[in-house]
Amino acid sequence: MAVALVGVLVGGVAGVTHWRTSDTRSPAFAKVASPVTVRELFAGLPGRLLPPATPTALPTDRAVGRGALLYQTNDPDSLDVANGGFLQRPMYLVTASGEQFGLGLQPIVGFSQGLSPDGRWFVHRRDGQWWIRDLTGITERAVPPGYEVRQWSTDGRALLLEQPSGEGEAYAAFTLAGGELRPLALRGTPHRRMLAFLDGRELATAEFNSGPYARPRRQLTIAIQDVDGRAARTVSLATTHQAGPGDIRNALAPNVRGGGDPPAVWALVTPQEAVPAGKPHGARTVPPMTLVGVDLRSGRPAGRIDLVAPQGGEGEYFLGLAGAEVLLQRLTAGGDELVAADPATGQRRVLTSLPKGALVTPPGD
């Protein structure tokens with residue numbers, strides 16, 4: 001949901017629509033402390049995460065507890081190109097207690113499944129309809145017809161929905177616990193990306209001109225506006241101040257993510273590539289890669305993390321945000337690892353080892 005486009009807010013908030021579906025409520029709920037911390041979500045992960053030989057489908061008649069992450073395995077025997085031409089891989093839900101459930105084959109591009117930042121809610125597309133499941137019970141409700149899922153609220157209490165209309169995309173906030181739909185005065189405009197839905201009350205967006213001919217930038221200006229349109233402010237992520245000369249650039253889609261607690265925006269910054277002296281024309285070195293962040297509430301820098309640039313089958317990739325930590329996928333000679341990095345110190349801690357080539361979706365992404 002990180003790459004959804006959203007327009008600048010205008011006007012006020014419309015009325016609240018109480019959308020009700022045929023919810024199925026559980027008489028018994030999983031005993032999960034609330035609020036849950038990110039460290040608690042990941043504490044139950046096994047030291048080595050392997051897909052089960054015989055996956056159990058996500059049960060509909062009992063609670064399973066909060067979800068820690070979703071992942072897809074690189075299984076060439078399970079690829080399926082019949083669905084819209086997109087390759088598919090097996091996907092698994094891993095709970096905070098370390099249980100795994102199979103979710104079947106899912107596309108490796110686009111968004112079709114996701115977990116709320118607190119791991120409680122699981123959103124998925126089934127038979128052309130979006131559904132939201134409370135993993136701490138068995139309540140499941142449909143997203144109102146005509147809406148697409150766009151962004152989790154950073155507090156895990158709401159979803160931002162998008163509805164195409166003749167005047168551009170219309171937006172609404174969908175309360176997860178109560179199933180209430182509140183239309184917002186939003187209209188989508190080209191080149192603006194939704195970066196964060198702050199506590200269901202503010203929207204953070206930035207303008208991107210993506211594509212092979214888009215110019216890289218040294219500073220990213222982020223607009224933050226109340227959902228009622230009464231107040232607006234901006235914060236800036238100045239890459240040259242935090243990481244030295246560098247640009248936010250990454251081919252077709254700049255690697256910029258928003259979310260976490262406290263809410264922040266992080267961007268991958270790399271310098272312009274240069275041909276080293278003595279190397280033939282066309283030769284390139286692997287440029288250094290740095291993550292820089294800005295706190296969306298205070299506007300102050302959120303930190304800097306120098307990554308190990310991928311080379312020779314090793315390196316680090318930016319996955320997303322979880323609480324106050326930055327999630328990385330580390331490639332080593334022995335396999336992949338899911339790593340949490342402390343923005344203040346850059347110190348890493350390994351959460352679990354991963355199947356080689358796994359595609360990981362963290363909570364809130």
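**View 1. Network of salt bridges in the predicted model.** Glu316, Arg330, Glu337 and Arg348 are linked through salt bridges into a network (side-chain nitrogen of Lys or Arg within 4 Å of a carboxyl oxygen of Asp or Glu). The structure holds 17 salt bridges. Residues are numbered from 1 along each chain as its sequence is written, and side-chain values use heavy atoms, with hydrogens and water left out.

**View 2. Salt bridge between Asp336 and Lys356.** The N to O distance is 3.4 Å. Asp336 lies in strand S24 (residues 335-341) and Lys356 in the loop between S25 and strand S26 (359-361), 20 residues apart (strands are DSSP runs of E, at least two residues, numbered from the N terminus). Asp336 is buried at 3% relative accessibility, whereas Lys356, at 48%, is partly exposed (buried, under 20% relative accessible area; exposed, over 50%; partly exposed, in between; 1.4 Å probe, protein chains only).

**View 3. Salt bridge between Asp199 and Arg201.** The side chains meet at 3.7 Å, N to O. Asp199 is buried, with 18% relative accessibility; Arg201 is exposed, at 53%.

**View 4. Open sheet of four strands, S5-S6-S7-S8.** Pairing is antiparallel (two strands pair if DSSP finds at least two bridges between them). S5 (113-115) and S8 (140-142) are the edge strands, each with a single partner, so one side of each has no neighbour in the sheet. Three bridges join S7 (residues 129-134) to S8; Trp131 has Ala142 in S8 as its bridge partner.

Key: Predicted model: local features only at pLDDT ≥ 70, side-chain atom pairs only at ≥ 80, totals over all residues.
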